[in-house]
Amino acid sequence: MIVEDGTIVAGANSFCTLIDARVFADARGLTLPTDDTELEQALIKATDYVSSLENTKGYKGTRTDPATQELPWPRKDVDLYGETLDQNTIPQSLKNAVVSLTVDITAGIDFQATQDGRLIIKEGVGPLQVEYADTSMTNGSADVMATPTAALAFLQPLFKYGNTGFIQSVIR
């Protein structure tokens, strides 16, 4: 595991050290794996998820060095709570989100499921109808994609629009 510390570390794949993760979890009574290798893998997966939000949610500012940095942070031109962050900063709220996701990932929750969990069994055009299967129709395995509510709450101030929901345009 290679930790991004704000200096654009080559090959970085995590925002948190093992120590940072354990301190955060211990302070909140959360459980993390005792095995360092297992924890590293979960931190990398959590960082992958947080990184994927750069394109879907949009983080404030721009990458400090888009040509070379592996991860979406550090960033420049980021205003947070009325102050401009130093461009070599990894916000604590980002680290908190990564550890929050790590706790969930090690508990077996998959935040990057391949479906939204709703199987369409009937569609229509006129009087617009869509019917979804419930889990009883799929033997209880409807591949429901979980929402990382706690992590998104930590990340919300870092999003361009401060919104953890989806923005949808309607054209008439």
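Buried here means under 20% relative accessible area and exposed means over 50%, with partly exposed in between (1.4 Å probe, protein chains only). This is a predicted model, where local features need pLDDT of at least 70, side-chain atom pairs count only at pLDDT 80 or more, and totals for chains, interfaces and linings use all residues. Residues are numbered from 1 along each chain as its sequence is written, and side-chain values use heavy atoms, with hydrogens and water left out.

View 1. Helices are DSSP runs (H or I, at least four residues), numbered from the N terminus. After the helix comes Gly29, with a positive phi near 70°.

**View 2. Helix 1 against helix 2.** The two axes, lines fitted to C-alpha atoms over the stretch in contact, come within 10 Å and cross at roughly 90°. Leu18, Ala21 and Arg22 of helix 1 meet Asp36, Leu39, Glu40 and Leu43 of helix 2 (contact: heavy atoms within 4.5 Å).

**View 3. Trp73 in the largest nonpolar core.** Such a core is a set of buried Ala, Val, Leu, Ile, Met, Phe, Trp, Tyr and Cys residues joined through side-chain atoms within 4.5 Å. This one has 35 residues, and Trp73 is among those with the most contacts inside it. Leaving out residues up to four places away in sequence, Trp73 touches Phe15, Tyr59 and Leu94, among others.

Methods. Helix = DSSP H or I, 4+ residues; strand = E, 2+ residues; numbered from the N terminus. Axes fitted to C-alpha atoms, helices over the stretch in contact; angles between N-to-C directions.
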